[in-house]
Amino acid sequence: MIKTLTAYTMEIDDAQAAAEEILKQLDLEKNLLKNSFGIVTCYSEFIDSGALEAICKKLPFDVIGGTVLSNENSGAIGQMMLSAMVLTSDDVNFSCGISGDIDQNSVESLDKEIAGVYNKIAANAKEKPALLVAFTSLFFNIAGDLIVEAFDKASGAAPLFGTIASDHTVQYEKVKAIYNGKAFDKGIAVAAFWGNIDPKFYVASISEDKVLKQKAVITKSKGNILIEVNGVPAGEYMRSLGLSPESLTNYNAVPFMVTFEGNLEPTARGIFHLTDDGNFVCGGSMPVGASLSVGSISHDEVLATTEKLLISALNEKQGDGMLAFSCIARNMILGMDSDAEMNIVKKILGYKVPHGCNYSSGEICPVYNKDGKLQNRFHNYTFIACYF
């Protein structure tokens, strides 16, 4: 069993006042059990002001986390906010670490550093973890699927839940992973869980009725680059559906929906760029043989899918705490109504379930295959949740 504590502060400039506010809400002397670690997500200025470091120095356990565009937890919603979650237990063990700097132009560097941090935190374990939670820096030249694959190789495919960190800037220049109060722009912070825990995972992107019924098959691709569909150039196939390839890359509410071999549900893929030779650069892998369709997501669809997921999770009451992430693209779709999705989270979970929710540059969450087994997967345009 895991007990979940949450706290937040809007105090950026006075580091000591921020630390005192977090400690008062957590009330660690009263609430802390035998084993603990913390998760901190924050607006980047908490790093610059020293408030993040001051808070983490006051916490008697390891802390992982990352910068975010916006936060929500059991008490508040805000962009210029720091949210803290403490997971504490008498019968679950935790181990945390941070990778070395990763060269974003080298998959070998990624594999090496993820294996290194995993082997360090799992050095005394006799079995693979029941759960890994990871916060990663943003690597423009490394697809999120490669991060998932590297963790699978290192851990023996232990369930992996997490996020690529986000921020409030246009070019994402302040995205950082966090470990024990320090910020890293080339690292991955990770926590491993062993013991009496049976995590449940929830994924929602686009409703079935918002996806074109016409399905196709990816017949040629290279990593995250879609080249051919049904044996014809990808752009030509889209035109056959009455869709302009150029418009697909200019309108961020039209993702591809990809059903991987053996999976029950499709995975959303953002469409980032159309190359000069007519290929689509996507937000994740586009494997040959996978089924492909086109979806559409709107303001109302963002809220409806989040609400449906959370009500389902709450009705099942699978645990005593929840960590959730929503894709930053979903926030963009909300336009001026930017807090609407977080307000849904607050309305449904409120103080019923201690939780933390924030925006992600890429979501990592296991999905179930046709055999009922979990497979780790990287997502775009998706709301994900882990019930501890």
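This is a dialogue on reading features of a predicted model.

Biologist: Where should I start with the strands, and which strands does E15 pair with?

Modeller: In general, the side chains of a regular strand alternate between the two faces of the sheet. Here, strand E14 (residues 216–222) and strand E15 (residues 225–229) run antiparallel and are joined by four bridges. Ile218 stands opposite Val229 in E15. E15 is also joined to strand E20 (residues 280–282), again antiparallel, by two bridges, with Ile225 opposite Val281. Two bridges pair E15 with strand E16 (residues 232–233) in the antiparallel sense, and there Glu228 has Pro233 as its bridge partner.

Biologist: Which residues take a positive phi in the hairpins?

Modeller: The hairpin of E14 and E15 has two residues between the strands, and Gly223 takes a positive phi near 65°. The hairpin of E15 and E16 also has two residues between its strands, and Asn230 in the turn has a positive phi of about 55°.

Biologist: What is the order of strands in the open sheet?

Modeller: The six strands follow the order E5-E4-E23-E22-E26-E13, with mixed pairing. Strand E5 (77–78) and strand E13 (200–204) are the edges, because each pairs on one side only. Within the sheet, strand E22 (residues 322–327) and strand E26 (residues 383–387) pair in the antiparallel sense over five bridges. Leu323 has Cys386 in E26 as its bridge partner.

Biologist: Turning to helices, why is H11 described as largely enclosed?

Modeller: The general point is that an α-helix has 3.6 residues a turn, so residues three or four places apart point the same way. For helix H11 (residues 340–349), seven of the ten residues are buried, so the rest of the structure largely encloses the helix. The buried residues are Ala340, Glu341, Met342, Ile344, Val345, Ile348 and Leu349. Just after H11, Gly350 takes a positive phi of about 45°.

Biologist: How many salt bridges are there, and what counts as one?

Modeller: A side-chain nitrogen of Lys or Arg must be within 4 Å of a carboxyl oxygen of Asp or Glu. By this rule there are ten salt bridges. In one of them, Asp145 and Arg269 have their closest N and O atoms 3.0 Å apart. Asp145 lies in helix H6 (residues 144–155) and Arg269 in strand E18 (residues 267–269), so the pair ties together parts 124 residues apart in sequence.

Biologist: Is the Asp145 side of that pair buried or exposed, and what about Arg269?

Modeller: Asp145 counts as buried at 8% relative accessibility, and Arg269 counts as buried at 0%. The pair of Lys347 and Glu307 has a closest N and O distance of 3.6 Å. This pair links helix H11 to helix H9 (residues 299–316), with the two residues 40 apart. Lys347 is exposed, with a relative accessible area of 53%, whereas Glu307 counts as partly exposed at 27%. Salt bridges that share partners also join Glu53, Lys57 and Lys182 into one network.

Biologist: Which residues form the negative surface patch?

Modeller: The patch is formed by Asp13, Asp14, Glu20 and Glu45. Asp13 sits in the loop between strand E1 (3–9) and helix H1 (15–26) and is exposed, with a relative accessible area of 71%.

Biologist: Where is Phe61, and is Phe61 buried or exposed?

Modeller: Phe61 is in the loop between helix H4 (51–58) and strand E3 (63–67). Phe61 counts as buried at 10% relative accessibility. The C-alpha atoms of Phe61 and Cys96 are separated by 9.5 Å, with the two residues 35 apart along the chain.

Note on methods
Residues are numbered from 1 along each chain as its sequence is written. This is a predicted model: local features need pLDDT of at least 70, side-chain atom pairs count only at pLDDT 80 or more; totals for chains, interfaces and linings use all residues. Side-chain values use heavy atoms; hydrogens and water are left out. Patches are made of residues with over 30% relative accessible area and no salt bridge: like charges are joined within 9 Å, nonpolar side chains (Val, Leu, Ile, Met, Phe, Trp, Tyr) within 5 Å. Accessible areas come from the Shrake-Rupley method with a 1.4 Å probe; for residues, only the protein chains shown count as cover. Lys and Arg count as positive and Asp and Glu as negative; His and the chain ends are not counted. The place of a charge is taken as NZ of Lys, CZ of Arg, CG of Asp or CD of Glu. Buried means under 20% relative accessible area, exposed over 50%, partly exposed in between (1.4 Å probe, protein chains only).
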